Amino acid sequence: MLNSSSLSHTMAGIRPCCSTLPSRSNPRTSWLTLRTVPHRRTYPGKRVLQRKVGIKAEINFVNAEEAKKLIAVDGYVIVDVRDKSQFDRAHIKSCYHVPLFIENQDNDLGTIIKRTVHNNFSGLFFGLPFTKLNPEFVQSVKAQLSPQSKLLLVCQEGLRSTAAADKLEKAGFENIACITSGLQSVKPGSFDSVGSTQLQDAGKAGLVTIQGKISAVLGTVLICAYLFVTLFPEQAEKLLQMAPTG
């Protein structure tokens, strides 16, 4: 049992800790986290624990219109985390480019085999580069932007921006937003962009795009042929009679 002297020493060793939530001046939300840590002061045969209160940021998911307001009104800056090939096809003007994945050019046997398989299938048909996680991602962002910066992270489908936001949140960034479903969901003209295609089409490449164009041409030819046969049956029959037979 503690006497009055011991009780006063114990109470003096417990430091009050309090925190207030910031006003919701932007759509970002937060939640409180509690962590129990050993107190620095020690007592004979006793261990005093202290409860600390901290604030953990929550990633804010927005659509294109909400994202434009975050940029224009709240001062968010855009960080594009896509790979270089998609970024070069189309990106939002005045954005930072820090890829979450970079092209994997390692030359160990396992990587060479995986890269060869990838390039002959996914790379050939979908135009996807063979990549690996960028080990300098967080450091690259910190080199250009402070943890107090308000970041709007964008990618093509929304998955990479979510993963990037989680890494940056753990690194101390608190004001983070992502576009739900990525740039593929934005309407043409939503943002001023640079590149050879629209933002929503920057993820399309490889034989898939060529196949799509061929299919469109063949479809147009077939429709025209059908209309010609329907509207001009006699001329169509004469053309068929003139066609060489095997």
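Me: What makes a residue in the protein chain count as buried, and how many of the 246 residues are buried, as a percentage?
Reply: Buried residues make up 30% of the 246 residues. The term means under 20% relative accessible area, with exposed over 50% and partly exposed in between (1.4 Å probe, protein chains only). Bear in mind that this is a predicted model, where local features need pLDDT of at least 70, side-chain atom pairs count only at pLDDT 80 or more, and totals for chains, interfaces and linings use all residues. Residues are numbered from 1 along each chain as its sequence is written, and side-chain values use heavy atoms, with hydrogens and water left out.

Me: Why is Ser94 called exposed?
Reply: Its relative accessible area is 77%, and the cut-off for exposed is over 50%, so Ser94 is exposed. Ser94 sits in the loop between strand 5 (90-92) and strand 6 (96-97); strands here are DSSP runs (E, at least two residues), as helices are (H or I, at least four), numbered from the N terminus. Ser94 also has a positive phi of about 60° although it is not a glycine.

Me: What makes a pair of residues a contact, and what percentage join residues at least 24 apart?
Reply: Contact means heavy atoms within 4.5 Å. Among contacts between residues at least 6 apart in sequence, 67% join residues at least 24 apart.
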